[in-house]
Amino acid sequence: MTKKKFILLGQLLAAVPAGAIATLSFAPYDYAFIAPLTLILFFFLLQKQSPKRSALIGFFYGLGMFGTGISWVHVSIDTFGGMPKIASMFLMCLLISYLALYPALFGYLFNRFNRQRPFHQLLLSGPVIWLVLDWIRGWLFTGFPWLWMGYSQLNTPLAHFAPMFGVEGITLALVLISGSIVATLYYRNWRPLLVAILVAILAVLAGIPQWVKPDPKHSVTVALIQGNISQEEKWLPSHRWPTLMKYMDLTRDNWGADLIIWPEAAIPALEEEIPTFLQNLDAAARANNSTVITGILDQKSNGKFYNNILTLGVDADGPYNYNTATRYTKHHLLPFGEYVPFASLLRPLAPFFNLPMSSFSRGAYIQPNIQAHGYSIAPALCYEIAFGEQIRANVTKKTELLLTLSNDAWFGHSIGPFQHMEIAQMRALELGKPLLRGTNTGITAVVDHNGHITKELPQFVTGVLRDKVIPTIGMTPYTTLGSWPLYGYCLWALALSWILIRRKRGHFRDLRSVEKE
């Protein structure tokens, strides 16, 4: 083995743990300082590399990061998928390898353009490439915007950027800080460090404005029901009524709360199958001056399935009627869980691709807010909460609360539910609205408009979370502008980089002309 190949092998082996430690910066570990550390290590490894070697280093970095960070996906495939262990491991390796292509592409582009111009790489084009690849990963094949670096900074001063620029703005700040530190240390030039100092100062200043104002006069009492229903038993016909009675017993003790919230698909039956139960629940809610919000599945006459949120009681559409009830329908479906890409090819391969009701149809991208007990609520079902632009698009001037219903029982005792909760907290911070999160097995929680959990239930217990929530008045800049300021930054950074390169090339041409004369 030549010396160059030996060095490359060492760099590839170093890239894996450099990526793997990134997982420790996210929930449930929350070691926020590791996020810039992992980026610094990655950028160090990319210095003075060819584009092809950079791509290899990026790929191995991605294997480490996603191999540890999304390991929880395998719990659902292995436990509920019905696939042989070898097949489920192969599917996980395929997913991790696909996601690792993004840091690989970053590494390639990082040294493909502006090579031998390290400050342009680290402070101008590099951050732009990172942002663009994050956006693509959050969109391509319906998107998988998990482990965006900005989520790791929920409890640091960098979180102050979220109400202005969203989680992507925090990611940009992290990449700029990390790039400036690498430029300072690797090239022994102190001036790039000024960028990190400037970003840190701006982060502190960004925390001064109060974009929204709490409205204590319109506080709402909530009761979030955590049924803790076993996923293996949930859809068994023999468990339908015991499950419904369990939710009713927990609800009966909490009549009088303004909002009583059941989790995603809490009712283990299609809506059209239990009209009498829903009519009785609606009538009881009205009699007790409460609103019940529940997740429920439905199948229309055309055979299509839908994952819905149904409102019963106060502020619903009069006494419950299947044909006139207003529902929120999930738009962003979970690949393989709620729809199967390339279904004709994959469904014959394994029972995993034929899970019950794994062919859902999507609702509209923008839907009216839920009207419940006089409050306007912007909803999201499970996976949807990871898509900030979609949630933002559904928040109006009248929106007072955010709501997300989920069932993370699919992921057992893994780190997945904690990451999911962290993402939901970021939505509350970005949009300046309190968030209610109702789940089957946890994490059931109330989040204030600053993204902090004010009250929660332990995982895997049956219980009810009672709390008083204060809505907010006003809108954050991110709610109004979305990612447009970041698009502007990307154009500015690329234009500045191009101008500096042209100026430098012109300077070299002038020097050559002088030498010839």
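A pocket here is an open set of grid points with protein on both sides within 12 Å along at least five of seven lines. The views below show a predicted model.

**View 1. The second largest pocket and its centre.** This pocket has a volume of about 540 Å³. Its lining is made up of 22 residues. Those nearest the centre are Leu-176, Val-195, Val-199, Tyr-489 and Trp-492.

**View 2. Helices around the second largest pocket.** Four helices each supply at least two lining residues: H6 (118–137), H7 (162–186), H8 (193–206) and H15 (484–516). Which helix gives the most to the lining? H7 does, with six residues. By class, the lining has 20 nonpolar and two polar residues.

**View 3. The largest nonpolar core.** This core holds 89 residues. Phe-43, Ile-70, Phe-106, Met-149 and Leu-158 touch the most other members. H7 provides the largest share of the core, 11 residues.

**View 4. The surroundings of Phe-43.** Which residues does Phe-43 touch, leaving out those up to four places away in sequence? They are Phe-106, Leu-122, Trp-130, Val-175, Ser-178, Gly-179 and Val-182. Phe-106, like Phe-43, is one of the core members that touch the most others.

**View 5. Strands E3 and E4.** Strand E3 (residues 259–261) pairs with E4 in the parallel sense. Three bridges join the two strands. One partner of Ile-261 is picked out here: Ile-293, in E4. Is strand E4 (residues 291–299) mostly covered or mostly open? E4 is mostly covered, with eight of its nine residues buried.

Conventions. Residues are numbered from 1 along each chain as its sequence is written. This is a predicted model: local features need pLDDT of at least 70, side-chain atom pairs count only at pLDDT 80 or more; totals for chains, interfaces and linings use all residues. Side-chain values use heavy atoms; hydrogens and water are left out. On a 1 Å grid over the protein atoms alone, a cavity is a set of points where a 1.4 Å probe fits but cannot get out, and a pocket is an open set with protein on both sides within 12 Å along at least five of seven lines; lining residues have an atom within 4 Å of a point. Grid points are joined across faces, edges and corners, and a volume is the space filled by probe spheres set on the points. Ala, Val, Leu, Ile, Met, Phe, Trp, Tyr, Cys and Pro count as nonpolar, Asp, Glu, Lys and Arg as charged, and the others, Gly among them, as polar. A nonpolar core is a set of buried Ala, Val, Leu, Ile, Met, Phe, Trp, Tyr and Cys residues joined through side-chain atoms within 4.5 Å. Buried means under 20% relative accessible area, exposed over 50%, partly exposed in between (1.4 Å probe, protein chains only). Contact means heavy atoms within 4.5 Å. Two strands pair if DSSP finds at least two bridges between them.
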